[in-house]
Amino acid sequence: MDSMLLLHLMSIVFPAHVRAIYIDHQLQASSHEWGFFVQNYAQQLNIPVIIQKVEVASGNLENQARTARYSAYQQHLKSHDILVLAHHQQDQAETVLLRLLSGAGVNGLSAMQALENRENFQLWRPFLSLSREQIELWSMQLNLPFVQDQTNFDTQYDRAWCRQEVWPLLQQRYPKMQQALSRTSILMQDAHNILQEVFLQDLQYCGNSTQIDLEKLQQLSLPRQRQLLSAWMKGEADYRPPFEMVARLQQEVINAKADAQSALHWHGHYYVRYQKQLYRIAKTLYLASKNCSHVTGTICLDLNQSISLISGKFKIIYAEIGLSADLLKQNLTIHSRQGGEKIHLYGRVGHWPLKKAIQEAQILPWLRHTIQILAIDNVMLGVFTPKGFWLAQSKYCENDGWLPHLSSEIDNLRVEHNS
């Protein structure tokens, strides 16, 4: 009913500027017939309509259906479009109540906003202040056709259970409960905006999207620490981590013994402490550092050539002091670290353990698997690292030579840094 009323009103208020989309979740036998019903009515209003079938993944049916629905919306939204939805005041109040029962915080209790900016589109809920009774009266006066979805009465679903079982009981005791819960969502939205301002200030002070200075973090009050960690872990995800996950991060990683190598995994990232810093690392990058194997190959280089290695993208350029031009266009050996190697860095005295040079350069442990050694006839020419190419002292060093220059970080490092 609410969606059909919305469709009718949009055709009046924004004629020639409205498109409709019907999402067929394919969860009921008659769902395709409902699509034809919507299509016929939209045609009477001269509104183009799209019927989009979706596959709902297993798991929590309500959440998975919502995910499939919004994914389908985004396939058809253009850059200037606004997605208009028919959520009303009771939907809002039910959302607040259900999220309260699930242990949500301020952000969750903010529930739905009338105007909302998503990552790739804008969303508008014009009915959010209207009661279901007002919508029913309006629809009857306009004699609008509609289909009643029987799952709205199936109490195995949380929202239907709330609407059919809990709602009448609470409303009998608290007649103005719906308005009160709706008002709570508005107050929580204000509180969330204030907390977001505090979060941005604290994040700027303590670090960035991938790194937190633990000494600065611990200068904040415990509530602000939890707030910062929760929002920081969320990143670009839709939801914040559970309260228990933030507590685990504090106990198992931040407050772990100094020599512990603890790592916590949540939502595609690992959280690791290293030298009084807390890092947020993409899962693929972290696991690559754990599952790396020794690789040996050959490489042929030439001036102005660009090469992509696991440590980054390098370009072969002229250098006042570098490697001999005789090495260009030759097959050189490139291989991973095996351990125990020593390097005589150009311009420094004596050989160093490569491990010590890596530590001094503060290359993070989960990036060290990207380091590769360039050699010819078992003579080390230099080392490719995420911080550039290290030239080794050898008979192949000369004036007016060449060097690999780090032009950019590897893609997954760059994405993680900017996320």
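Helix α12 (residues 283-290) lies across β7, β8 and β9. Its direction is about 95° to β9, with axes being lines fitted to C-alpha atoms, for helices over the stretch in contact, and angles running from 0 to 180 degrees between N-to-C directions. Contact means heavy atoms within 4.5 Å. Helices (H or I, at least four residues) and strands (E, at least two) are DSSP runs, numbered from the N terminus.

This is a predicted model: local features need pLDDT of at least 70, side-chain atom pairs count only at pLDDT 80 or more, and totals for chains, interfaces and linings use all residues. Residues are numbered from 1 along each chain as its sequence is written, and side-chain values use heavy atoms, without hydrogens or water.

- Helix α10 (residues 222-234) lies across β6, β7, β8 (269-274) and β9.
- Helix α10 runs at about 20° to β9.

**The sheet**
- Four strands form an open sheet in the order β6-β9-β8-β7, with antiparallel pairing; two strands pair if DSSP finds at least two bridges between them.
- β6 (211-213) and β7 (263-266) are the edge strands, each with a single partner, so one side of each has no neighbour in the sheet.
- From one strand to the next, the twist averages 20°.
- Three bridges join β6 to β9 (residues 277-282).
- Asp213 has Gln277 in β9 as its bridge partner.

**Leu7**
- Leu7 sits in helix α1 (residues 2-13).
- Leu7 counts as buried because its relative accessibility is 10%; buried means under 20% relative accessible area, exposed over 50%, partly exposed in between (1.4 Å probe, protein chains only).
- Beyond its neighbours within four places in sequence, Leu7 contacts Ala20, Tyr41, Leu45 and Ile47.
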